Amino acid sequence: MSDTLVINEIYLSLQGESTFAGLPCIFIRLTTCNLRCSYCDTAYAFTQGEKKSLADIRAEVLRLAMPFPPSVEVAAAQTEPLLAITSIWKLPMVELTGGEPLLQKNSLPLMAVLCDDGFTVLLETSGAHDIAPVDRRVRRIMDLKCPSSGEAARNRWENLAHLRTTDEIKFVIGTREDYDWAKHQIVEHRLASICPLLFSWVHPLASEQQDKSLKAVPGGQTAISRQELAEKIIADALPVRFQVQLHKVIWPPAQRGV
């Protein structure tokens, strides 16, 4: 098997979502996705990309991480020559995103190598693919696709049995129907006892992000504002974390590499 991945972009920014929001993070965006969610803001990653070796990807991650102060493990590695240079960086973290990273099998060894290097490794995945083979050290941020995505039928419910307390479940909420659906799933599957839950408000797509291949929001649904979503969470006392995409607050919503 070739030790390559098709990569759309690799860049350093701030983590915009999840319980790690606001922390420095190196993003590895992989090319291709088999879903076409109505709100997808990275349709450019469906096809645009360049084949890179795992060694070159790792080298770029190490280069981007170089300015950050090493963790205390570095001192031990420097004074004990027999120690491997592992667990060097606590920051920045590294996240594999897409597209859908799990569509490329070599994402698995890449994540393992980055864990060996001491990075906190995050995986953003649609929830439509088996997460069981992912290295146990990786923190998996897994979507459960809500009705407005147009892809709710693709949820792989078997994945729930593989989630751990270090993972996170993300619901992307664009309509009132999404909210009601997500609330039902939390109760039905006792999700709050598994791992942290994220309610991510759908930021409207800029005109240049509205790719023609995206699914339409199913008819009969009512859009929900971020204020209404926040107030519903409070009123219903849901055990979830409300989030907006922080990078879209800092930079223009359609800007890449942030």
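This is a predicted model: local features need pLDDT of at least 70, side-chain atom pairs count only at pLDDT 80 or more; totals for chains, interfaces and linings use all residues.
Colleague: What makes Tyr11 count as buried?

Modeller: The relative accessibility of Tyr11 is 10%, which again falls under the 20% limit, so Tyr11 counts as buried.

Colleague: How many aromatic pairs are there, and why is the pair of Tyr11 and Phe27 called stacked?

Modeller: The count comes to five aromatic pairs. In one of them, Tyr11 and Phe27, the ring centres are 5.2 Å apart, and the planes meet at 20 degrees; since the centres lie within 6.5 Å and planes under 30 degrees apart count as stacked, the pair is stacked.

Colleague: What parts of the chain does the pair of Tyr11 and Phe27 tie together?

Modeller: Tyr11 belongs to strand β1 (residues 4-14) and Phe27 to strand β2 (residues 24-30), so the pair links parts that are 16 residues apart in sequence.

Colleague: Why is the pair of Phe171 and Trp181 described as edge-to-face?

Modeller: Their ring centres are 6.3 Å apart and their planes stand at 70 degrees; because an angle over 60 degrees counts as edge-to-face, that is the name the pair receives. Phe171 lies in strand β7 (residues 168-173) and Trp181 in helix α4 (residues 176-188), so this pair ties together parts ten residues apart in sequence.

Notes
Residues are numbered from 1 along each chain as its sequence is written. Side-chain values use heavy atoms; hydrogens and water are left out. Rings of Phe, Tyr and Trp (its six-membered ring) pair if their centres lie within 6.5 Å; planes under 30 degrees apart count as stacked, over 60 as edge-to-face and the rest as tilted. Helices (H or I, at least four residues) and strands (E, at least two) are DSSP runs, numbered from the N terminus. Buried means under 20% relative accessible area, exposed over 50%, partly exposed in between (1.4 Å probe, protein chains only).
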